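Thanks for coming, everyone. I'll walk you through one structure today, chain by chain.

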Amino acid sequence: MGYETLIRKSWLTGDFRVPAGAAEAADHGPTREELRLKVRREMENVIAREAGDAPWCLSAHKEGCMKLAPFVKFREEKFGAVLFETRSEKVYTLSPTGAAVVREIVAGAGSHDLAARLQGKFQDKTGKLAQEAMTFLAELKAKGLITE
Amino acid sequence: MSPIILPESLGASSADLKAPLYVAWQLTNECSLSCLHCIEESGPGKAFPDELAREEALRVVDQIIAADIPYVAFSGGEPLLRTDFFELLGRLKGTGTGVKVETNGQLLDAPTCARLAECEVKAVQVSMDGVSEDTVRMLRPGASLKKVTDGIANLRRAGIAVEVNFAPTRFNVGQIAQTMAKACELGAYAFYTGRLMYTGNAVGSWGRIAASEAQYAEFFAVIKAQAKAYEGRMRVCFHEMGIVEELRYRLEHPAALFIILPDGRVKLINALPFTCGSLRTDNLIQLWQRVLRAWKEPRVASFVDELTQDPGAIAKLHQWVEL
């Protein structure tokens, strides 16, 4: 089994073990241990690349709060705010409501208390703001701009 | 870099921003290589006589931090050649301003990459113009492809995100597929390419190096065909649009960025020769306002019109015009 095939198989199945004989197959190829380390390093690279910063995301998950993804910057502006995703260099302009949501996330809100925090701050009796905020939150998560 | 576009649906544009979102800072014009296709006029011994001194550069860094600019790209020339490079980087560490470094990839030994990681650099963009040592040496006299690939490996080992940049010429367009594969194998998360620009050192060697339209057609066809295969592993970004179309769009939608030249002057974007003021003497926020006004100057639109009539006028990009 070639190295790339092994990587693909591991990625798809979650099984990171090197099958018996894979390393021995090539006389001059890497040893089993070298191959194992190579696969492990590659998987770590993939994880780091996908998640931006895996340890950081895991810590956010452990704390049960939401955070801006490591490659996202937030800046308040007169019209609301901007989110700048440095990896894709994409800019998202936010309305004042969007800015308020992200401000709460930066301040440490969790998805369980975000609506209540906004309702308290904006005296929103209709619940419309909270509803909009949760929709917006789902969008932010879907775009990978925040992690939980 | 990819264009920064603010969705018009929200009614906000660059003009509404209190400061740029992105600053591309050419730290020095000095370079260790004499690339035939360089879009700057960089090379060994090409540092400007009046480049920003250490204290001046540090003051600019402080202004970038104070203006809450999310992202700054250090380029050159070769930015790693500046003796105060790591001091400038260190000043930005932990400030909320992310840093990207654009390098020719010749100086990325393990200790240098460890220092870049220590300074919390967000990404390093490395030029890799092929998979053949001969091709790279021909296009980049003095360069070594092995140094580039070893450098990328060192960056990945240090945990730094890597982008690969590919400049197409008639000598390397045929290596695009292999170069994309190599970049992905080395762990790059993004791959950038686009048409070569007729400016900088490329003007002098254009007749020898420019790819033909037929070559470009094949080049972009290969990229489009393969880009999907890299989804989820490496982002493939390419600009098929010519410079005039890009500039026409920019006249309507100014970029949320500016360029800082090695001597501190501020330039609208790479593809225009216009400067407006200098960070040696002016405040960054004031200069941002001047940049926004400059986009509306008739001379800027006239230059774009001139380019439409005579694409060769782009060779004048380094004859800077102060607005």
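**Two chains, one walk-through**

Start with chain A: of its 148 residues, 25% count as buried. Buried here means 20 or more other C-beta atoms within 10 Å of a residue's own; 12 or fewer is exposed, in between is partly exposed, and the C-beta atoms are placed from the backbone.

Some ground rules. This is a predicted model, where local features need pLDDT of at least 70, side-chain atom pairs count only at pLDDT 80 or more, and totals for chains, interfaces and linings use all residues. Residues are numbered from 1 along each chain as its sequence is written, while chains are lettered from A and ligands numbered from 1 in the order in which they are written.

Back to chain A. It has six helices and five strands. Helices (H or I, at least four residues) and strands (E, at least two) are DSSP runs, numbered from the N terminus. Along the sequence, chain A reads α-α-α-β-β-β-β-α-α-α-β. Now its contacts. Two residues are in contact if their C-beta atoms, placed from the backbone, lie within 7 Å. Among contacts in chain A between residues at least 6 apart in sequence, 37% join residues at least 24 apart.

Next, a helix pair. How do α4 and α6 of chain A cross? Helix α4 (residues 96-106) and helix α6 (residues 128-142) of chain A have axes that come within 10 Å and cross at roughly 70 degrees. The axes are lines fitted to C-alpha atoms, for helices over the stretch in contact, with angles from 0 to 180 degrees between N-to-C directions. So α4(A) and α6(A) are roughly perpendicular to each other. That label covers 65 to 115 degrees; under 35 is roughly parallel, over 145 roughly antiparallel, and the rest oblique. On the α4(A) side, A:T97, A:G98 and A:V101 make the contact; on the α6(A) side, A:L129, A:E132, A:A133, A:F136 and A:L137 do.

On to chain B. This chain has 11 helices and 11 strands. Of its 323 residues, 47% count as buried. Its C-alpha atoms fill a box of roughly 50 × 45 × 45 Å, taken along the principal axes. Of the contacts in chain B with a separation of 6 or more, 76% are between residues 24 or more positions apart.

Now the sheet. In chain B, 11 strands form an open sheet with mixed pairing, in the order β7-β6-β5-β4-β3-β2-β1-β8-β9-β10-β11. Two strands pair if DSSP finds at least two bridges between them. The edge strands, β7 (235-239) and β11 (321-322) of chain B, each pair on one side only.

Look at β6 (residues 190-194) of chain B. Is this strand enclosed or open? Five of its five residues are buried, so β6(B) is largely enclosed by the rest of the structure. B:A190, B:Y192 and B:G194 lie on one side, B:F191 and B:T193 on the other. Strand β5 (residues 161-166) of chain B pairs with β6(B) in the parallel sense over four bridges. There, B:E163 has B:A190 as its bridge partner.

Last stop: β9 (residues 265-267) and β10 (residues 274-278) of chain B. They pair in the antiparallel sense over two bridges. B:K267 stands opposite B:T275. In the loop between β9 and β10 of chain B sits B:I269. B:I269 is partly exposed, with 18 other C-beta atoms within 10 Å. Leaving out residues up to four places away in sequence, B:I269 touches B:R250, B:A255 and B:I259.
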